[in-house]
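Here is a short briefing on one protein model. Keep the sequence and the 3D view side by side as you read.

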Amino acid sequence: MTDNKLQVLKKLQNELSDFLQTGKAYECLKVMCADSIDALQNGHDEKVTFTRWKLKARYEGSTQAADEIDPKELQKWIDDKKLNIVLTNIIQAEHQPFQELGYFPVVKTNETKGGKGNEKLYWLDIEKKRFEIVDQQADAPDEFSHIEFVEYHRSEPSAIKISWFYRFFFKNGEMKNRSLRGLFLISVIFSSVIFWLLYLIVVALVLVREGQSFTSFNLLILFGVVFFTWLLWKYEFIPIWNLPEHRVIKAPMIFLSLNELDAEIEMYRDKERNQITRFTRFTATCPICTADIVLRDGKPDQNAPLVGRCAESPFAHVYSFDRVTMKGKYLGV
Ligand SMILES: [Zn+2]
């Protein structure tokens with residue numbers, strides 16, 4: 001059994017490093033696999049167990065990140081279901097890597113509800129049964145019902161890095177629309193549009209005055225100005241214009257700090273019915289492949305302005321997005 005286990009785990013390690021996907025479940029499996037192989041090679045055949053905390057610490061490369069995460073979030077961060085989804089994807093790969101060995105890797109966990117002093121443990125083991133599982137899936141579509149829905153998670157507004165100019169308006173990532181800051185921001189945005197239009201009129205007048213001496217350099221400037229206007233209009237003005245109606249938009253690049261790749265702006269009413277605008281980020285874990293799901297444009301294949309798309313398979317693993325229920329339904333292709 002120990003020999004079999006070592007063989008299967010080594011095979012798994014190869015498959016994990018060859019698999020063209022990334023994500024926390026993959027990284028956690030790599031860590032579990034490497035430690036289990038180490039133990040077996042050193043003659044220890046008892047199981048090598050991991051808590052979520054330990055997996056998070058190894059994944060981030062520091063214990064600090066694991067200490068900082070809220071215990072509830074840590075519970076959602078990884079579980080045996082996510083780990084086993086990745087394992088099943090690998091086992092069912094076209095070249096069927098484990099078929100010859102006759103044993104298949106599986107992630108096991110102890111029977112506990114979790115909580116203090118009662119932590120969930122995960123470990124890698126091997127089993128003989130996977131052939132049946134493949135059959136079962138064909139007979140029982142219920143096995144796949146878990147891919148139907150995703151649950152979104154909202155990041156704290158203060159966690160989003162905003163560009164220095166807008167940081168003045170959004171304290172900790174939030175702003176009351178009817179506050180001095182809010183009114184000031186709205187007037188800045190609208191007056192910048194008006195000034196830009198005035199500038200365009202001046203440029204047009206100058207070009208008209210130049211008349212016959214219109215050179216290709218003038219033409220280049222004209223193209224530049226038109227292109228910039230279009231960018232500003234499409235990627236800054238229109239999204240902000242849509243915000244009150246759509247409630248959630250992708251944050252235009254200009255609002256975000258350079259090292260922030262992705263965030264949303266959301267408008268909502270607080271308990272005192274104040275309209276609040278805040279930065280946040282909606283994410284979920286893809287139930288098909290465990291990669292991250294982020295909000296993206298629904299166009300061209302979906303009707304909704306924003307849908308949840310999986311980082312690894314953005315056009316097949318597509319989910320709807322509902323900011324009220326924080327749930328999404330599988331939309332597929
Ligand atoms: Zn996916």
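Where is asparagine 172 found? Asparagine 172 sits in the loop between helix H8 (164-167) and strand S5 (174-176). Note that this is a predicted model. The points below cover its domains, its zinc site, its salt bridges, a surface patch and some backbone angles.

**Domains**
- The protein is divided into domain 1 (2-139) and domain 2 (158-280).
- The centres of domain 1 and domain 2, taken over C-alpha atoms, are 46 Å apart.

**Zinc site**
- Which residues hold the zinc ion as protein donors? They are Cys286 (SG), Cys289 (SG), Cys310 (SG) and His317 (ND1).
- These donors lie 2.1 to 2.4 Å from the zinc ion.
- Along the chain, the donors are spaced as C-x2-C-x20-C-x6-H.
- The site is tetrahedral, with angles of 97 to 117 degrees among the four donor atoms.

**Salt bridges**
- How many salt bridges does the structure hold? There are 16 salt bridges.
- One of them joins glutamate 264 and lysine 250, with the closest N and O atoms 2.6 Å apart.
- That pair links distant parts of the chain: glutamate 264 is in strand S7 (residues 264-269), lysine 250 is in strand S6 (residues 248-250), and they are 14 residues apart.
- Glutamate 264 counts as buried because its relative accessibility is 0%, below the 20% cut-off.
- Another salt bridge brings together the side chains of glutamate 260 and arginine 281 (2.6 Å, N to O).
- This pair also links distant parts of the chain, 21 residues apart. Glutamate 260 is in the loop between S6 and S7. Arginine 281 is in the loop between strand S8 (275-280) and strand S9 (282-285).
- Glutamate 260 is buried at 8% relative accessibility, and arginine 281 is buried at 19%.
- A further salt bridge is formed by the side chains of arginine 278 and glutamate 266 (3.1 Å, N to O).
- Arginine 278 lies in strand S8 and glutamate 266 in strand S7, so this pair ties together parts that are 12 residues apart in sequence.
- Arginine 278 counts as buried at 13% relative accessibility. Glutamate 266 is buried, with a relative accessible area of 0%.
- Salt bridges link Arg154, Glu174, Glu266, Arg278 and Arg323 in a network.

**Surface patch**
- Which residues form a nonpolar patch on the surface? They are Ile194, Phe195, Leu198, Ile201 and Leu205.
- Together they have about 540 Å² of accessible area.
- Isoleucine 194 belongs to helix H9 (residues 180-210).

**Backbone angles**
- Most residues other than glycine have a negative phi, and most peptide bonds are trans.
- Asparagine 172 is not a glycine, yet its phi is positive, near 55 degrees.
- Is asparagine 172 buried or exposed? Asparagine 172 is exposed, because its relative accessible area is 63%, over the 50% cut-off.
- Arginine 247 also has a positive phi, about 70 degrees, although it is not a glycine.
- Arginine 247 lies in the loop between helix H10 (216-246) and S6. Arginine 247 is partly exposed, with a relative accessible area of 23%.
- Lysine 299 and proline 300 are joined by a cis peptide bond, with omega about 5 degrees.
- Proline 300 has its place in the loop between strand S10 (292-297) and strand S11 (306-310).

Conventions:
Residues numbered from 1 in each chain as written. Predicted model: local features only at pLDDT ≥ 70, side-chain atom pairs only at ≥ 80, totals over all residues. Heavy atoms only, no water. Donors = N, O, S within 2.8 Å, 3.2 Å for Na, K, Ca; no water. Tetrahedral: all angles 85-135°; square planar, octahedral: opposite > 155°, others 65-115°. Domains from an automatic or database assignment. Patch = residues over 30% accessible without salt bridge, like charges linked within 9 Å, V, L, I, M, F, W, Y side chains within 5 Å. Areas by Shrake-Rupley, 256 points an atom, 1.4 Å probe, with all protein chains shown as cover. Salt bridge = Lys/Arg side-chain N within 4 Å of Asp/Glu carboxyl O. Helix = DSSP H or I, 4+ residues; strand = E, 2+ residues; numbered from the N terminus. Buried < 20%, exposed > 50% of the residue type's maximum accessible area, 1.4 Å probe, protein only.
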